[in-house]
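The sequence and the structure are shown first.

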Amino acid sequence: MSDLFEAVDALLARPDVMPPPEIRAQLRKADGLTQEEVAAVFGVTRVAFHRWETGVAKPRRRHLDAYVRLLSGWAAKHPEALYLEPVHQAG
């Protein structure tokens, strides 16, 4: 049974698996942060961060692990955000 748990833990620890784009935005908003604030921490433009958050682009390896870590931290801090209905904006 221990081998099975280790295999599951390895799957959970995969650094390049991100939640769907709508969940990424919900997690950031649950923490009260803007795209500009998060982009500044990563040293990228707001547009670049927006592309990560919407799934249009994937962060490069040097940012990917840190972004996944941030998303995981937000998910632990704000588990309710994982189950909110996404807000769709008109236009």
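## Overall architecture

Buried residues make up 27% of the 91 residues in the protein. Here buried means under 20% relative accessible area, exposed means over 50%, and partly exposed lies in between, with a 1.4 Å probe and protein chains only. The model is predicted: local features need pLDDT of at least 70 and side-chain atom pairs count only at pLDDT 80 or more, whereas totals for chains, interfaces and linings use all residues. Residues are numbered from 1 along each chain as its sequence is written, and side-chain values use heavy atoms, with hydrogens and water left out.

The protein contains five helices and zero strands, and its pattern along the sequence is α-α-α-α-α. Helices (H or I, at least four residues) and strands (E, at least two) are DSSP runs, numbered from the N terminus. Of the contacts in the protein with a separation of 6 or more, 64% are accounted for by residues 24 or more positions apart; contact means heavy atoms within 4.5 Å. The accessible surface comes to about 6400 Å², and 58% of this surface belongs to carbon and sulfur atoms. Accessible areas come from the Shrake-Rupley method with a 1.4 Å probe, and for residues only the protein chains shown count as cover.

## Helix 2 and helix 3

In helix 2, the buried residues are Ile23, Arg24, Ala25, Gln26, Leu27 and Arg28. They pack against helix 3, helix 4 and helix 5. Leucine 27 belongs to helix 2 and is buried, its relative accessible area being 0%. Apart from neighbours within four places in sequence, leucine 27 contacts Pro19, Leu71, Trp74, Ala75, His78, Ala81 and Leu82. The C-alpha atoms of leucine 27 and lysine 77 are separated by 9.1 Å, although the two are 50 residues apart along the chain. Just after helix 2, glycine 32 adopts a positive phi of about 75°.

Helix 3 (residues 35-42) has Gln35, Val38, Ala39 and Phe42 as its buried residues. These lie on the same side of helix 3, because they cover an arc of only 100° around the axis; the arc is that of the directions from the helix axis to the C-beta atoms. Ala40 and Val41 are exposed on the other side of helix 3. The cover over the buried residues of helix 3 includes helix 2 (21-30), helix 4 and helix 5 (61-77).

## Charged pairs

Side chains of opposite charge can pair when their charged atoms come close. A salt bridge is a side-chain nitrogen of Lys or Arg within 4 Å of a carboxyl oxygen of Asp or Glu, and by this rule the count comes to four salt bridges.

| Salt bridge | Closest N and O atoms |
|---|---|
| Arginine 28 and glutamate 53 | 2.6 Å |
| Lysine 77 and aspartate 31 | 2.9 Å |
| Arginine 61 and aspartate 65 | 3.1 Å |

Arginine 28 forms a salt bridge with glutamate 53. This pair links distant parts of the chain, with arginine 28 in helix 2 and glutamate 53 in helix 4, 25 residues apart. Arginine 28 is buried at a relative accessible area of 6%, and glutamate 53 counts as buried at 3%. Glutamate 53 also makes a side-chain polar contact of 2.8 Å with glutamine 35. A polar contact is a pair of N or O atoms within 3.5 Å; within protein, one must be able to donate a hydrogen and the other to accept it, and residues adjacent in sequence count only if both atoms are side-chain atoms.

Lysine 77 forms a salt bridge with aspartate 31. Lysine 77 lies in helix 5 and aspartate 31 in the loop between helix 2 and helix 3, so the pair ties together parts that are 46 residues apart in sequence. Lysine 77 is exposed at 54% relative accessible area, whereas aspartate 31 is partly exposed at 22%.

Arginine 61 and aspartate 65 are four residues apart in helix 5, and therefore separated by about one helical turn. Arginine 61 is partly exposed, with a relative accessible area of 49%, and aspartate 65 is partly exposed at 36%.
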